[in-house]
Amino acid sequence: MSTPDRDPQHLDSQLRWILDRVQQASDLLGHPIVLTEGLRSDDRQAELYALGRTVVSHVGVTRTRSMGLTVTNAMAGQSRHRPNAEGFGEALDFHFAEGEPWGEDQPWELIGILFETLGCEWGGRWVRWGHGKGDRPHVQLHKRQTPTLVA
Ligand SMILES: [Zn+2]
């Protein structure tokens, strides 16, 4: 199993800037957060996708079947953790530095809103995941939009 990349330098510069601001705010609020994973290779994404799933082969057709406890729903190539065109990650995962890292009583929504305010999508809104709780440790940049020039 490969290890997670925790180097913020491997994140897209916009996301790195946002993480920096949110970490400053979370420190001041007394709920410091830690980057647990940023950039993720396609090989590692495929490893994570395979966790909790078995591969079933039928006459040359390979399917994956969820075996219950899965880690990610994104196959290799789909996740925003994977390198973008410039080689940087556009998603990150965090947890809390004090208390239970993924504890229920941690202020997930507070941190999620901080990221959202600075222009990110927060996985805690994806309530079809995680038994209604979404993917709370996950944050990603919004898809890039082409700037519109107004004359
Ligand atoms: Zn993630």
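## How the helices and strands get their labels

Trainee: Where do we start in this predicted model?

Mentor: With two helices: the axes of α1 and α3 come within 10 Å of each other and cross at roughly 140°.

Trainee: What makes α1 oblique to α3?

Mentor: Set the angle against the cut-offs. Over 145 degrees would count as roughly antiparallel, and 65 to 115 as roughly perpendicular. The crossing is at roughly 140°, so α1 is oblique to α3.

Trainee: Which residues make the contact?

Mentor: From α1 you have Ile 18, Val 22, Ala 25 and Ser 26, and from α3 Ile 111, Leu 114 and Phe 115. The crossing itself is right-handed.

Trainee: What do these helices lie across?

Mentor: Helix α1 (residues 13-28) lies across β1, β4, β5 and β6, at about 145° to β1. Helix α3 (residues 108-117) lies across β1, β5 and β6, at about 155° to β5.

Trainee: What is the strand order in that sheet?

Mentor: The order is β1-β4-β6-β5, an open sheet of 4 strands with antiparallel pairing.

Trainee: Which residues does Gly 124 touch?

Mentor: Leaving out residues up to four places away in sequence, Gly 124 touches Trp 108, Glu 109, Gly 112, Gly 134 and Arg 136. As for Ile 113, 11 residues apart from Gly 124 along the chain, the two C-alpha atoms are separated by 9.7 Å.

Trainee: And α2: which residues are buried there?

Mentor: In α2 (residues 42-50), Arg 44, Gln 45 and Leu 48 are buried.

Trainee: How do you know that they line one face of the helix?

Mentor: Look down the axis of α2: the buried residues fall within an arc of 100°, so they line one face. After α2 comes Gly 52, with a positive phi near 80°.

Notes. Residues numbered from 1 in each chain as written. Predicted model: local features only at pLDDT ≥ 70, side-chain atom pairs only at ≥ 80, totals over all residues. Pairing = 2+ DSSP bridges. Contact = placed C-beta atoms within 7 Å. Axes fitted to C-alpha atoms, helices over the stretch in contact; angles between N-to-C directions. Buried ≥ 20, exposed ≤ 12 C-beta atoms within 10 Å, placed from the backbone. Arc of directions from axis to C-beta. Parallel < 35°, antiparallel > 145°, perpendicular 65-115°, else oblique. Left-handed = near helix turned anticlockwise from the far one by under 90°.
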